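Here is a short report on one protein chain.

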Amino acid sequence: MSDDVELNGIRESDFQSWKHHPVSKVFLRYLADYRDTLRKHQLAVIENSPDPIAPKAEGEYAGRVRTLDELANIEFAHLVQFYPEEEEEPDEA
């Protein structure tokens with residue numbers, strides 16, 4: 001994605017700066033680590049369930065893991081795709 005695309009005045013280079021900020025790095029690491037913890041809990045629930053297929057617990061954990069994975073790996077393009085109508089056009093001279 002080129003840096004001339006803006007979303008609410010934010011360019012991809014701004015987004016990349018945010019992702020590399022020390023606070024953002026800790027937050028994104030937390031999301032990824034929490035996702036991995038939920039994966040382990042999901043496996044434990046399945047392994048310890050009297051019913052070999054525990055769809056309710058499995059589905060809940062799987063959905064939470066996917067959501068955390070999406071958040072931990074967010075890219076500027078994902079935001080632009082979600083908010084296409086807010087993409088700003090370059091000023092015409």
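## Surface patch

W18, F27, Y30 and Y34 form a nonpolar surface patch of about 410 Å². Patch members have over 30% relative accessible area and no salt bridge, with nonpolar side chains (Val, Leu, Ile, Met, Phe, Trp, Tyr) joined within 5 Å. A salt bridge is a Lys or Arg side-chain nitrogen within 4 Å of an Asp or Glu carboxyl oxygen. Areas use the Shrake-Rupley method with a 1.4 Å probe.

Helix α2 (residues 22–48) gives the most to the patch, with 3 residues. Y34 lies in helix α2. Y34 counts as partly exposed because its relative accessibility is 31%; buried means under 20%, exposed over 50%, and partly exposed in between.

## Model basis

The model is predicted: local features need pLDDT of at least 70, side-chain atom pairs need 80 or more, and totals for chains, interfaces and linings use all residues. Numbering runs from 1 along each chain as its sequence is written, and side-chain values use heavy atoms, without hydrogens or water.

## Buried side of α1

Helix α1 (residues 12–20) has E12, F15 and K19 buried. They cover an arc of only 60° around the axis, so they sit on the same side of α1. The arc is taken from the directions from helix axis to C-beta atoms. Their cover includes β2 (10–11), α2 and α4 (76–82).

## Whole chain

The chain has 4 helices and 3 strands. These are DSSP runs: helices H or I of at least four residues, strands E of at least two. From the N terminus, the order is β-β-α-α-α-α-β.

Of the 93 residues, 24% are buried. Among contacts (heavy atoms within 4.5 Å) with a separation of 6 or more, 67% join residues 24 or more positions apart. The accessible surface is about 7,000 Å², with 55% belonging to carbon and sulfur atoms.

Notes: Patches are made of residues with over 30% relative accessible area and no salt bridge: like charges are joined within 9 Å, nonpolar side chains (Val, Leu, Ile, Met, Phe, Trp, Tyr) within 5 Å. Buried means under 20% relative accessible area, exposed over 50%, partly exposed in between (1.4 Å probe, protein chains only).
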